[in-house]
Amino acid sequence: MEQGNYSVGLDIGTTKIVAIIGKENDYGKIEILGTGRSKSLGVHRGVVNNITQTISSIQQAVEQAELNSGLKIGSVVVGIAGQHIRSLQHSDYITRPNSEEVIDDDDLEKLCNQVYKLVMLPGEEIIHVLPQEYKVDGQSEIKEPKGMYGGRLEANFHVVVGQVSSIKNIGRCIKSAGLDLGNITLEPLASAEAVLSQEEKEAGVALIDIGGGTTDLAIFKDGIIRHTSVIPFGGNVITEDIKEGCSIIEKQAELLKIKFGSAWPGENKDNEIVSIPGLRGREPKEITLKNLSKIIHARVVEIVEQVYVEIKNYGHEEQKKKLIAGIVLTGGGSQLKHLKQLVEYITGMDTRIGYPNEHLAGDSDEEIASPLYATAVGLLMNALETTNKQHAVEEEAVVEEEKVLVGQEHSGSTSHKERKSIFDKWSEKLKDFLDNAE
């Protein structure tokens with residue numbers, strides 16, 4: 001089966017690596033064709049720190065997805081996270097040579113490309129340039145300037161920056177696993193794509209994706225991304241605390257957290273006790289659930305408070321920037337009992353758990369619709385979107401060529417032929433960059 005009508009998202013997380021193959025059905029929903037997951041061994045806090053282990057984990061997940069679906073995986077869209085990610089606001093403008101012509105894609109592209117030339121700190125590279133609002137000849141708050149007249153076009157941009165070495169390492173792992181890198185997307189953006197509705201993005205919402213190694217934050221208001229941040233703590237730190245606090249091994253701590261863990265200590269009675277088998281014939285350990293939830297509570301409060309500081313930094317307390325839709329929690333860590341109540345208590349904001357099932361076809365596996373797979377589903381959506389764009393460009397090129405062959409008048413239309421989105425251009429730049437890095 002050719003790569004054309006299905007796409008692949010690959011989520012390289014700290015605890016798991018997920019490969020997910022899917023295609024769009026006739027109703028515009030995503031049909032999952034196959035999934036594969038493996039334990040992630042070479043990633044720490046969202047950053048690759050052991051290339052060999054990461055490659056073998058990626059290969060395991062990919063092979064499983066291929067077996068599941070009977071398809072061959074070629075190109076993948078990958079997510080990037082880690083504490084090296086930072087975002088900044090930047091304004092830029094271009095002066096158009098002829099204000100009598102309407103603004104078109106070329107002008108927007110030129111403006112975005114100008115932002116890519118920004119001088120970054122040594123060792124950093126721009127990952128995303130996301131336009132927020134445009135201004136045309138001083139007229140502000142324009143969402144779509146295409147088709148308007150104007151001499152000076154300016155925009156505010158949300159620029160996401162990451163470390164060159166981390167991006168290179170991900171590229172290297174993908175290449176060595178025998179795959180092509182289709183695109184790199186910021187993980188909080190992918191998760192947001194999968195679990196947020198357009199109404200929430202308009203009203204103002206903060207998406208908190210609690211993963212194993214990192215907690216990612218993306219804030220939307222008026223349908224536009226306003227703030228992104230990656231906090232270097234996640235579910236693994238909670239497991240680590242349980243392991244230390246109860247003197248047990250990691251595997252047991254993880255199981256305890258999933259089965260009996262709660263973020264709210266008041267819920268458990270003093271006499272509720274769990275018995276854990278001792279190692280190699282040692283006496284079993286008895287742990288009270290109250291103590292367990294106290295340990296979890298302390299760490300979760302710390303994570304939530306750090307996220308809340310970021311939400312305040314964005315300016316949530318100002319009337320104009322208020323996040324009316326509140327908070328959406330997703331990621332594996334969001335499945336912790338009573339977390340929703342704790343987040344509401346600390347932030348005073350409405351909270352819900354985000355499931356990526358809105359965009360999936362009705363007969364999808366229940367497991368895929370869990371918050372655990374939000375990022376992977378978002379990456380798959382990004383992959384499908386990129387594929388669709390490429391098809392549209394190719395079809396347009398074919399139509400244009402036919403027009404030329406027929407000898408019709410096609411004044412100015414051939415310039416459409418090879419139009420690429422800024423994203424595709426960036427992917428090409430990245431590919432060249434990775435090839436040269438070898």
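Biologist: Which order do the five strands of the open sheet take, and what is their pairing?

Modeller: In this predicted model, the five strands line up as S3-S2-S1-S6-S11, with mixed pairing. Strands S3 (30-39) and S11 (180-186) each have a single partner strand and stand at the edges, so one side of each has no neighbour in the sheet. On average, neighbouring strands are turned by 25° against each other, direction ignored.

Biologist: How many bridges join S1 to S6, and do these strands run parallel or antiparallel?

Modeller: Strand S1 (residues 7-12) and strand S6 (residues 75-80) run parallel and are joined by two bridges. To find your place there, look at Leu-10, which stands opposite Val-78 in S6.

Biologist: Which strands do the helices H4 and H10 touch?

Modeller: Helix H4 (residues 187-195) packs on the sheet and touches S1, S6 and S11; its direction makes about 85° with that of S11. Helix H10 (residues 374-406) also packs on the sheet, touching S1, strand S2 (16-24), S3, S6 and S11. The direction of H10 makes about 145° with that of S1.

Biologist: Let's turn to side chains. How many salt bridges does the structure hold?

Modeller: There are 17. To read one, take the side-chain nitrogen of Lys or Arg and check for a carboxyl oxygen of Asp or Glu within 4 Å. Lys-146 and Asp-105 form such a pair, with their closest N and O atoms 3.3 Å apart. This pair links distant parts of the chain, 41 residues apart: Lys-146 is in the loop between strand S9 (139-142) and strand S10 (152-163), and Asp-105 is in helix H2 (residues 105-116).

Biologist: Where do Glu-202 and Lys-143 lie in the chain?

Modeller: Glu-202 belongs to helix H5 (residues 198-203) and Lys-143 to the loop between S9 and S10, 59 residues apart. The closest N and O atoms of their salt bridge are 3.9 Å apart. Glu-202 is partly exposed at 36% relative accessible area, and Lys-143 is partly exposed at 48%.

Biologist: Which residues are linked in a network of salt bridges?

Modeller: Look at Glu-133, Asp-222 and Arg-226, which are linked in such a network.

Key:
Residues numbered from 1 in each chain as written. Predicted model: local features only at pLDDT ≥ 70, side-chain atom pairs only at ≥ 80, totals over all residues. Heavy atoms only, no water. Pairing = 2+ DSSP bridges. Helix = DSSP H or I, 4+ residues; strand = E, 2+ residues; numbered from the N terminus. Axes fitted to C-alpha atoms, helices over the stretch in contact; angles between N-to-C directions. Contact = heavy atoms within 4.5 Å. Buried < 20%, exposed > 50% of the residue type's maximum accessible area, 1.4 Å probe, protein only.
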